[in-house]
Every structure is written in structure tokens, then in C-alpha cells.
Amino acid sequence: MQQESVNNLAEQKRKSVNTMEFTADGRYLRKVRSFVLRTGRLSEAQKRAMNENWHKFGLEHQAAHFDFPAIFGNNNPVVLEIGFGMGRSLVDMAKQNPHYNYLGIEVHTPGVGACIAYALEQQVTNLRVICHDAIEILKDNIPVESLAGLQLFFPDPWHKAKHHKRRIVQPTFIESIMPKLIHNGFIHMATDWQNYAEQMLEVLSQQPGLQNTSSTNDFIPRPDFRPLTKFEQRGHRLGHGVWDLYFIKK
Ligand SMILES: C[S@@+](CC[C@H](N)C(=O)[O-])C[C@H]1O[C@@H](n2cnc3c(N)ncnc32)[C@H](O)[C@@H]1O
């Protein structure tokens, strides 16, 4: 890569992550996405972390499947986290679990920069990040039976009923995840929005290949191994409850 384009990488990503797509006959392809790109530029530190370390941490959306042993340099199990926000809890988890590899996907570029900066500070090496729509990464890049788990912490709740179709947790989303999980692989979700928690429970419970680990067949107590996330902290301040769901692939 040319030096100049390396220096501009963070800015290019910020502009290209939500590019429009067209059908073969040139019509605009309207996609229901689970995110709207928040405005907000990268800070100088986030930009520098991303531009100078993308070769160590960054993966690109590509035509072929990822080769995880080659990417991570080992055969450790891979955990995927979608929508890691600023990445703090993801980096903390990667540091706490050095015998796992973590793959984080986030469309918000300042978050990707902040995550890389914190990973450098914490000297975490078992982590890779992708700045792209997770739905497309799942479809195009994640090999069958390659994931030990999926983490989805405080996904955008899309409060209004007319926006519920934008929630990432839908039957089609779970169907796209199922073949990617190994036997006994987990799906761990958390939300501070009760109505979304109920939707998550319904969608996960309806998937015949999954087993709920909750003793009450609904939610689990907040597990200690999940670090507090930024959105969870915000939920606490607003007096929200928290619901964790933990299912295993049969
Ligand atoms: C409400 S925030 C939660 C962030 C973090 N998990 C936390 O708890 O602090 C949800 C995040 O998911 C990201 N997101 C939503 N849909 C996504 C998608 N399809 N692909 C990648 N990231 C997505 C958003 O950009 C946003 O940063």
C-alpha cells in the first residue's frame, strides 16, 4: 500500500463503510441495515492508532473466506463480537483469555480506532478488527464451523416499532450464524432494553439447533466474565435493567 493511502486509511474507511450498492441493471439496492453511521470524526490518537497499526489488527471484507489459523498464527478457538462500540470490553476479554482469538466487527470508525489504541496499550495480540457491516462479513468471510462463539452486547435497540425490522437479532440473522458455529459453540447476547430482550429470547428459543443454558429457560444472571461495556454503563445511569442470554449449539 502506498504511504499516503496508509495515512488516509482511517478517513477512507469512515467514508466508505456505508457505500451505496446497485443491482446489475443499475437500480439502487435498498438494504435494511442495523446501523446508521453516527457522525463524529476520529480523534488524532484514534486516527494514528488505526493508520499505523491496521496491518497488525485490521482485516478487510473480501471475496474469500478468512483463514483463521493463518491470520492468528495458531489454532485457538475464535470468538466473534459484533458491534464492539469503543472496544474496551472486547480488548479486556481478549486480554483475560489469551487462549482464545477475538474477531471484532464495528462500523463506527472512531470506535475501531479507539479499540486498536487500547489493544496496543494493553499489548493484546489475539485480536483482529473489521470495519464493515457484520451481515456481509458473516455471509462472505466466515467459514463454516469456525466460530467458538458469537457475542452481541447492547446492540442498537431501535425503540420504535416501525424500526424493529432494523434490529440485528432476527430469525434470518440467527440462521446465518448457526452453520458458522462449532458444536457446543455459544451465542451470548446482552441488552438493557426489555422489549429487545424478549425478542432475543423468542428468536433464539425458536431455533431448534440451540439450547438455552438458563435454569429458568429465559435469561441468565449477569456473568462476571463479561466486562462492563460503555452502553451498559449508560443504561445503569438511566436506571435500565440488563438481560443476558446464553445459548449453546447442540
Ligand atoms: C449500542 S452500540 C453498543 C456498543 C458496545 N457493544 C457497548 O455495549 O458499549 C451498538 C454498536 O453496534 C454497531 N453495529 C450495529 N450494526 C452493525 C453491523 N451490522 N455491523 C457492525 N457493527 C454494527 C454500531 O455501530 C454500534 O457501535
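Helices (H or I, at least four residues) and strands (E, at least two) are DSSP runs, numbered from the N terminus. The structure shown is a predicted model, in which local features need pLDDT of at least 70 and side-chain atom pairs count only at pLDDT 80 or more, while totals for chains, interfaces and linings use all residues. Residues are numbered from 1 along each chain as its sequence is written.

**Figure 1. The shell around the ligand.** The helices α7 (134-141) and α10 (230-237) each supply at least two residues of this shell. The largest share, 3 residues, comes from α10. The ligand is surrounded by 23 residues, the closest being G83, G85, A134, F154 and T229; a residue is near a molecule if its C-beta atom, placed from the backbone, lies within 6 Å of it. The shell divides into 12 nonpolar, 6 polar and 5 charged residues. Here Ala, Val, Leu, Ile, Met, Phe, Trp, Tyr, Cys and Pro count as nonpolar, Asp, Glu, Lys and Arg as charged, and the others, Gly among them, as polar.

**Figure 2. The annotated binding site.** In an unreviewed UniProt entry, the annotation "binding site" covers E81, E106, D133 and D156. These residues are spread over 76 residues of sequence, yet they cluster in space, with a largest C-alpha distance of 14.0 Å. UniProt positions follow the numbering used here, feature names are shortened, and annotations may be inferred rather than shown by experiment.

**Figure 3. E106 and D156 in their loops.** E106 lies in the loop between β3 (101-105) and α6 (109-121), whereas D156 lies in the loop between β5 (147-153) and α8 (171-177). A residue is buried if 20 or more other C-beta atoms lie within 10 Å of its own, exposed if 12 or fewer, and partly exposed in between. E106 is buried because 25 other C-beta atoms lie within 10 Å. D156 has 17 such neighbours inside 10 Å and therefore counts as partly exposed. Two residues are in contact if their C-beta atoms lie within 7 Å. Leaving aside neighbours within four places in sequence, D156 is in contact with S34 and F35, and the contacts of E106 include G83, G85 and C131.

**Figure 4. R128 in strand β4.** R128 is placed in strand β4 (residues 127-130). Why is R128 buried? R128 is buried because 21 other C-beta atoms lie within 10 Å. Not counting residues up to four places away in sequence, R128 touches F57, L59, I71 and L103.
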